[in-house]
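Hello,

Here is the structure we talked about handing over. Please open it first, then read the notes below.

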Amino acid sequence: MSASTHKSISIAQLIGKDQIDQVVDDFYNRARNHPSLAQPFSVVHNWADHKVKIAQFWWVVLGGIPKASHKYDPVGKHFAAGFNASLLSDWKSLFKIVLQDHLNPELSEKWYSRVEMIGDNLLIQDQRLHHE
């Protein structure tokens with residue numbers, strides 16, 4: 001495989017849909033029992049549907065082709081559930097652990113860079129909401 005061919009493969013394709021599903025499943029299983037994350041995630045009532053939706057979200061964020069049109073509102077959802085800077089830090093830390101448990105270091109880091117980007121964006125949006 002040439003370098004140019006390799007660059008055209010998305011992170012989602014390198015990881016694979018099944019592995020993304022497994023990471024999401026494990027993350028939320030752990031989050032539901034996490035000392036600080038369990039409470040904000042208690043707003044989720046249908047975990048099976050939530051996991052499918054979030055796995056699809058990550059598939060798309062990581063460069064996979066969407067299977068259906070869906071508007072995601074991670075900022076609104078997370079802050080409606082009471083997320084703040086401390087909880088986002090815990091969210092990122094837990095996500096990093098789960099990624100390291102499931103993926104090789106290179107793929108874990110590639111996905112985690114997206115986690116950091118989304119976490120940072122949530123903080124920026126939160127600051128805008130509270131300072132306008």
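**What was found**

The crossing of helices α3 and α5 is right-handed (left-handed means that the near helix is turned anticlockwise from the far one by less than a right angle, right-handed that it is turned clockwise). Keep in mind that this is a predicted model, where local features need pLDDT of at least 70, side-chain atom pairs count only at pLDDT 80 or more, and totals for chains, interfaces and linings use all residues. Residues are numbered from 1 along each chain as its sequence is written, and side-chain values use heavy atoms, with hydrogens and water left out.

**The α3–α5 pair**

Helix α3 covers residues 17–31 and helix α5 covers residues 47–61. They pack at an angle of about 130°, with their axes 9 Å apart. Axes here are lines fitted to C-alpha atoms, for helices over the stretch in contact, and angles run from 0 to 180 degrees between N-to-C directions. The two helices are therefore oblique to each other (under 35 degrees is roughly parallel, over 145 roughly antiparallel, 65 to 115 roughly perpendicular, the rest oblique).

Which residues make the contact? From α3 come K17, I20, D21, V24, D25, Y28 and N29. From α5 come W47, H50, K51, I54, A55, Q56, W58 and W59. Contact means heavy atoms within 4.5 Å. By class, the α3 contact with α5 has eight nonpolar, three polar and four charged residues. Ala, Val, Leu, Ile, Met, Phe, Trp, Tyr, Cys and Pro count as nonpolar, Asp, Glu, Lys and Arg as charged, and the others, Gly among them, as polar.

**The chain as a whole**

The protein chain has eight helices and zero strands. Both are DSSP runs, numbered from the N terminus: helices are H or I with at least four residues, strands E with at least two. Of the 132 residues, 39% are buried. Buried means under 20% relative accessible area, exposed over 50%, and partly exposed in between (1.4 Å probe, protein chains only). Among contacts between residues at least 6 apart in sequence, 71% join residues at least 24 apart.

V115 sits in helix α8. V115 counts as buried, at 0% relative accessibility. Leaving out residues up to four places away in sequence, V115 touches W58, W91, K92, F95 and L99. V115 and K92 are 23 residues apart in sequence, and 6.7 Å apart in space, C-alpha to C-alpha.

S108 is also in helix α8, which spans residues 105–131. S108 has 4% relative accessibility, so S108 counts as buried. Beyond its neighbours within four places in sequence, S108 is in contact with L99, Q100 and L103.

S10 lies in the loop between α1 (3–7) and α2 (11–15). Is S10 buried or exposed? S10 counts as buried, because its relative accessibility is 12%. Neighbours within four places aside, S10 is in contact with L62, G63 and G64. S10 and W59 are 49 residues apart in sequence, yet 9.7 Å apart in space, C-alpha to C-alpha.

Best wishes
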